[in-house]
Amino acid sequence: MEKRIDFLDLKKQYADIREEVLRAIENVCENTAFSSGVFVTQFENNFASFLGGNVNVAGVNNGTSALHLCMLALGIGPGDEVIVPANTFIASAWGPCHAGATPVFTDCDPLTWNIDVKQVRERITKKTRAIIGVHLYGQPCELDELRSIARENNLFLVEDCAQSHGAKYKGKSTGTTGDISAFSFYPGKNLGAYGEAGAVVSHEKTYIDKVRMLINQGSGKKYYHETIGYNMRMDGIQAAVLDVKLRHLAAWTKRRQAIAKIYRENIRNPKIRMQETPPYAEHVYHLFVITSDDRDGLMSYLNAHHIFPGIHYPVPIHLQKAFAHLGYRKGDFPNAEFLAEHCLSLPLYPELSDDSVQYVIEKLNSW
């Protein structure tokens, strides 16, 4: 048993791939391809192959920008509404906000904890332009139902894949079903950069062409600017690091799934509940989230035994101060609010030892 079991330990992962990473970074430096360039193109192509489905990929500077760019590529802006689950990280709502649209929140399913497709229909108005389906914790949401609703109402379906690298919905990679998708490569993700990075993915090349122009100062040709743009390019070092990690992602995912299986089969404390995984979903366990009626007591107990879980997320986004002007109140989305008050994310990363996993289980069962 390890002396301390943290929620995440990126140092262990770095130790395993150190030589590969340093060679990749040195290669970028030797070629001075620091902003966009050949290494970004190489990663875009490799990530597109990884996802399958004949998609186009544009590397960008972070996942929040990716969500913003999805909105702009679809022509969403002021006066428009975008449906967003209340149970997600707040960046899912920043995309519509940064584009000038209004996020319209909806509750999550009480069992899967992903967006409740039944309630999505109730949130649609004449102003609605898109639905953002978030594959929360690494578990795909119900894409077929969302796509059906979107088509019936002439809406766009956007996939937020910030936590679902490699996850599958009915055998298809997340990010390949919707009209456009956003990925984050924040360092703690299943596929994480050594800094900030993200990507926009779509079958529609016209969307990706627009994204490429927007991230490059609104320019398709150097010093000629066709539209108001941004500086949102992916840098070469992040792309090279991601390319190294992409080669390991399948093995890392398999290990995450193995740890999750051990947790699921051996945590037997009736005071602890787990996320339900439907048959259509291949979960990649970016997070392994449980709930307990006494979350804070459980957290203190685990900390006393040198186990340090996380909380994702302590405040649902409809109750965040940043969205007070939208007029939501406590009680509007009870499932999301319950999770915020009762959820706990257990330590889970590929390098976590079996002994540590068993120790966490032992302490959970004895609580």
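## Ground rules

Buried means under 20% relative accessible area, exposed means over 50%, and partly exposed is what lies in between, using a 1.4 Å probe and protein chains only. This is a predicted model, so local features need pLDDT of at least 70 and side-chain atom pairs count only at pLDDT 80 or more, while totals for chains, interfaces and linings use all residues. Residues are numbered from 1 along each chain as its sequence is written, and side-chain values use heavy atoms, with hydrogens and water left out.

## Aromatic pairs

Let's start with the rings. The structure holds 15 aromatic pairs (rings of Phe, Tyr and Trp, the last by its six-membered ring, with centres within 6.5 Å; planes under 30 degrees apart are stacked, over 60 edge-to-face and the rest tilted). One of them joins phenylalanine 89 and tyrosine 313: the centres are 5.7 Å apart and the planes sit at 40°, so this pair is tilted. It links distant parts of the chain, 224 residues apart, with phenylalanine 89 in the loop between strand S3 (81–85) and H4, and tyrosine 313 in the loop between strand S16 (307–308) and helix H11 (334–342). Helices (H or I, at least four residues) and strands (E, at least two) are DSSP runs, numbered from the N terminus. Phenylalanine 89 is partly exposed because its relative accessible area is 44%, whereas tyrosine 313, at 15%, is buried.

Tyrosine 263 and phenylalanine 288 make a tilted pair too, with 5.1 Å from centre to centre and 50° between the planes. Tyrosine 263 belongs to helix H9 (residues 249–266) and phenylalanine 288 to strand S15 (residues 288–292), so to speak distant parts of the chain, 25 residues apart. Tyrosine 263 counts as buried at 0% relative accessibility, and phenylalanine 288 does at 2%. Elsewhere, ring pairs tie Phe43, Phe47, Phe50, Phe183 and Phe185 into a cluster.

Arginine 295 sits in helix H10 (residues 295–304) and is buried, because its relative accessible area is 9%. A polar atom of its side chain lies 3.3 Å from the backbone oxygen of alanine 340. Neighbours within four places in sequence aside, arginine 295 is in contact (heavy atoms within 4.5 Å) with Ile311, Ala340, Glu341, His342, Cys343 and Leu344.

Over in H11, the buried residues are Ala336, Glu337, Leu339, Ala340 and His342. They pack against S15, H10 and strand S17 (343–346).

A pocket here is an open set of points on a 1 Å grid over the protein atoms alone, where a 1.4 Å probe fits, with protein on both sides within 12 Å along at least five of seven lines; lining residues have an atom within 4 Å of a point. The largest pocket has about 460 Å³ of space (a volume is the space filled by probe spheres set on the points, which are joined across faces, edges and corners). Its lining counts 28 residues, with Phe89, Gln163, Ser184, Tyr186 and Lys189 nearest the centre. Helix H3 (63–73), helix H4 (91–98) and strand S9 (180–184) each supply at least two lining residues. By type, the lining splits into 14 nonpolar, 11 polar and three charged (Ala, Val, Leu, Ile, Met, Phe, Trp, Tyr, Cys and Pro are nonpolar, Asp, Glu, Lys and Arg charged, and the others, Gly among them, polar).

The second largest pocket has a volume of about 210 Å³. Strand S11 (residues 219–221) gives the largest share of its lining, three residues, and the lining divides into one nonpolar, five polar and three charged.

Terms used
Polar contact = N/O pair within 3.5 Å; in protein donor to acceptor, adjacent residues only side chain to side chain.
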